[in-house]
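Work through the exercises below with the coordinates open. Each task is followed by a solution in steps.

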Amino acid sequence: MTAFAPRARADVELGAAAGATTYASTWRGDYGAGATLRAGVRFNHVFAVDFQTWESFATVNRRLNTGLSLGVTGYLPFRAAHPYARLFAIHQHEEGLVSAQNAPAGTLFGIGAGIRHRAGGGLSLGAEIPFGASRDKRFEWQVIADVTAMYFPDDSLGPHTYVGLNLGVGFDWLLR
Amino acid sequence: MTTRALRALLVSMSAAIAVASTSCTVGTPIADHPCPQGGPALTYDTFGKTFFQDYCVRCHGGNNGYSSRSFTSLDLIRADKDRIFINAAADNKSMPPGPDGPSQHDRDMLADWLACGAP
């Protein structure tokens, strides 16, 4: 009779990053810039479930875009860099600055007149470049850069497609 | 390598903040746009009705799932004229969505019409 061997526990990391974003959309003359935050849990250095948000200003309609995404990311854990691909679903709020000024809390929660809601999907391709670590190597700083494309099927209230660049700094913390 | 990457990050973040801050001017209210001397030259029948049909009622046309605000009658437009002005009239361009909205001439006419009380 074969005994079950104890299964090796997976490495689990917490990761977070903050950075800047800039993009263009399929609307003529539409360009944007802002900030982005990402946080997630990574398993065995190769797979993560993560949340990323963007808050940005775009030129057409002088609007604020708030993107909330939930995704999965696959990594290649090389020593010098960790290339990755992230696939995500996104819910985006788009509203004029006037609307945001009238109801700032509404901007954060997506509640109020003048906020246009849309759902879509996206893909990011990029890499993390480690640039510092704790002595025990459980904590690592990274510079992160990626190209992101988002697609929204309903283009009656906003552009179909956004393509942009995200650049940030983040960390990974090995829990076990 | 690390120093260069950090410098690039700082430069890009500064550029993003600069772009956002130079572009973030919030709208002109109706109070800043007086009715032209001599009174309004436009009316709902000669201007307002067509303007709102062309640019607004697709979303602001009643219970269509896009907006709770409806601009299908003169009374409804008058009741919301301050908000309409700051979103779409004169140099305000938050509405309608997209780059292909009314011409600047039409937005200026909307501003005059609303400022005169939307007759």
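A residue is buried if 20 or more other C-beta atoms lie within 10 Å of its own, exposed if 12 or fewer do, and partly exposed in between, with C-beta atoms placed from the backbone. Helices (H or I, at least four residues) and strands (E, at least two) are DSSP runs numbered from the N terminus. This is a predicted model, in which local features need pLDDT of at least 70 and side-chain atom pairs count only at pLDDT 80 or more, while totals for chains, interfaces and linings use all residues. Residues are numbered from 1 along each chain as its sequence is written, and chains are lettered from A and ligands numbered from 1 in the order in which they are written.

**Exercise 1**

Find the buried residues of helix 4 of chain B and what covers them.

Step 1. Helix 4 of chain B spans residues 81-88, and its buried residues are B:Ile84, B:Phe85, B:Ile86 and B:Ala88.

Step 2. Their cover includes helix 3 (74-79) and helix 5 (104-115) of chain B, together with helix 1 (97-102) of chain A. Contact here requires C-beta atoms, placed from the backbone, within 7 Å.

Step 3. Just after helix 4 of chain B, B:Ala90 has a positive phi of about 55°.

**Exercise 2**

Describe how helix 4 and helix 5 of chain B pack.

Step 1. The angle is about 160° and the axes are 10 Å apart. Axes are lines fitted to C-alpha atoms, for helices over the stretch in contact, and angles run from 0 to 180 degrees between N-to-C directions.

Step 2. The two helices are therefore roughly antiparallel (under 35 degrees counts as roughly parallel, over 145 as roughly antiparallel, 65 to 115 as roughly perpendicular, the rest as oblique).

Step 3. On the side of helix 4 of chain B, the contact uses B:Lys81, B:Ile84, B:Phe85 and B:Ala88; these meet B:Arg107, B:Leu110, B:Ala111 and B:Leu114 of helix 5 of chain B.

**Exercise 3**

Which strands of chain A does strand 1 of chain A pair with?

Step 1. Two strands pair if DSSP finds at least two bridges between them.

Step 2. Strand 1 (residues 12-25) pairs antiparallel with strand 2 (residues 31-43) of chain A over 13 bridges, and A:Gly15 stands opposite A:Gly40. These strands form a hairpin with 5 residues between them, where A:Gly29 in the turn takes a positive phi of about 70°.

Step 3. Strand 8 (residues 161-174) of chain A also pairs antiparallel with strand 1 of chain A, over 13 bridges. Here A:Ala18 faces A:Val169.

Definitions and conventions
Two residues are in contact if their C-beta atoms, placed from the backbone, lie within 7 Å.
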